[in-house]
Amino acid sequence: PLPPAFQVPLPVPAVLEPVTTSGGTDRYEITQREASAEILPGITTPLWTYGGTFPGPTIESRRGRPVTVTHRNELPLPTVVHLHGGRTPADSDGYPTDLVLPAGGHEAHTGHASAHGPAHGMHDPRAVVTERTRDYTFPLDQRPTLLWYHDHRMDFTAPAIWRGLAGLHVVRDDAEDDLGLPAGPRELPLMITDRSFAADGGLAYPSLDPSLRERPGVLEPYLAGVLGDVILVNGAPWPVHEVDAARYRLRILNASNARHYELEAVTDDGRRLDLVQIGADQGLLAAPVTHRLLPVAPAERYDVVVDFSGAPVGSRVSLVNRLGSGRTRDVMAFRVARRALDESRVPGTLSTDLPDWRRSDAVRVRDFAFRAGRMRGDHGWLIGGLPFDPARSDVAVGLGEVEVWRLVADVHHPVHLHLVGFRVLSRSGRPPLPHDAGLKDTVSLRPGEAVEIITRFDGYRGRYLFHCHNAEHEDMGMMANLEVV
Ligand code: C2O
Ligand code: CU
């Protein structure tokens, strides 16, 4: 029995308090543990959580102020934490075999040869780090934006995120604070996910190996990616939020495993309100871009301002997914409750520090094909004809060098690079789309498309990744090593 749409109030994830702020660093502690929640009214759903809730607690940071998060794993299986969009040294970036072992003394076997670490008394030449608690250190020396943290374990990222291992991490700075954008209760993070529920209230996920130990991947009907029939925003089904007739800053994250959205804000009388985009995955745009329809692929973030004074007091504005059908068309709604003073603004110039790399800056152009294939005898998703292998070196880039990457796709693939932000140069030879503006870390390749991106590999040397962020594709091989040397 699914709840009617727009009845459950929108939750906003709690902001985590640091355990200390001394020594120039904010320190946090998060225990990963099993918990349950009443997601559908009257039904108990077991989850895997960061700190007992889904989404996990939000971390609020200032640009350039380092953060250390101590993660303790009380879940039954190993985990890996990745801060998506973070400019992070490799040893804290959450490489898929860099495990945090279960604290409960469960065995650490994950079914992949490279996942055996010191816990087995073996010495793996690939230097797998395995611990029961782990300090992740994030310098956060980067443009302010909405980041998110999520599980990234080898072969089993998708079911771990599905079970609840995802949370938000906001980076701010003074320049952004001074813009006068909607703030406080008029700034809302919206983590959009889809999930399916089994008859017993548990989350339903079609793993080939429900123990999540040996064989990655999903049952045949789900090879393209797992879609749920319930849309959750901040963990609540089709929620509603009461707003003033004023501008709101909506910080949208598509944290769904595989579902794409094309969002529009529709009034009761069928009008579409402007979605004024002010930021992309990696922070503020140079100038706002107005959309009526906003495509959002898995892992992308869009920072948008919506002016609810464009709808009558007492009416409702629904956020709708044009790609959905039936109940998956609805995402959430805003009830315009009252007139109110609005001193916020959206300046015509939002930022002046966007990198403007030119093709002529690039020292090389690389081509990568994202296509279906075979992995370890099962269906796979491949980059350049190969499934992910932590022991293989795929791409070595020089620290500080600019490159153009040309990414081609068979079907839809949202491609994500760790460590760096990039700009979209072209789509199949044509100019980028309006929502490609700004600095991104995930770009949605549409079926049959060739997308060119450009970036400078700045920050840190070490072993990083790039991959498809359709989480099922990622687990079925669509990931590669990116070494910055
Ligand atoms: Cu959000 Cu490598 O991932
Ligand atoms: Cu993909």
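1. In this predicted model, the side chains of E242 and R338 form a salt bridge, with 2.9 Å from N to O. The two partners belong to distant parts of the chain: E242 is in strand β14 (residues 240-245) and R338 in strand β23 (residues 330-339), 96 residues apart. E242 counts as partly exposed, at 41% relative accessibility, and R338 is likewise partly exposed, at 37%.

2. This pair is part of a wider arrangement. Salt bridges with shared partners connect R186, E242, D244, R247, D307, R335, R338 and D342 into one network. The structure as a whole holds 42 salt bridges.

3. A further pair is R359 and E452, whose side chains meet in a salt bridge of 3.0 Å, N to O.

4. R72 has a relative accessible area of 35% and is partly exposed. E74 is partly exposed too, with a value of 38%.

5. The domain assignment divides the chain into domain 1 (22-172), domain 2 (184-339) and domain 3 (359-484). The C-alpha centres of domain 2 and domain 3 are 25 Å apart. Where these two domains meet, 29 residues of domain 2 are in contact with 25 residues of domain 3. The area buried between them is about 2000 Å², and carbon and sulfur atoms give 56% of this area.

6. How many salt bridges are counted between domain 2 and domain 3? The count is four. A salt bridge also joins the side chains of D441 and R301, with 2.8 Å from N to O. Between the two domains there are also 16 residue pairs in polar contact.

7. On the side of domain 2 that touches domain 3, strands β18 (275-280), β19 (283-291), β20 (294-296) and β21 (301-307) each supply at least two residues. β19 gives the most, with four residues. By residue type, this side of domain 2 comprises 17 nonpolar, eight polar and four charged residues.

Conventions. Residues are numbered from 1 along each chain as its sequence is written. Chains are lettered from A and ligands numbered from 1 in the order in which they are written. This is a predicted model: local features need pLDDT of at least 70, side-chain atom pairs count only at pLDDT 80 or more; totals for chains, interfaces and linings use all residues. Side-chain values use heavy atoms; hydrogens and water are left out. Domain bounds come from an automatic or database domain assignment. Contact means heavy atoms within 4.5 Å. Buried area is the accessible area (1.4 Å probe) that two parts lose on being put together, summed over both. A polar contact is a pair of N or O atoms within 3.5 Å; within protein, one must be able to donate a hydrogen and the other to accept it, and residues adjacent in sequence count only if both atoms are side-chain atoms. Ala, Val, Leu, Ile, Met, Phe, Trp, Tyr, Cys and Pro count as nonpolar, Asp, Glu, Lys and Arg as charged, and the others, Gly among them, as polar. Buried means under 20% relative accessible area, exposed over 50%, partly exposed in between (1.4 Å probe, protein chains only).
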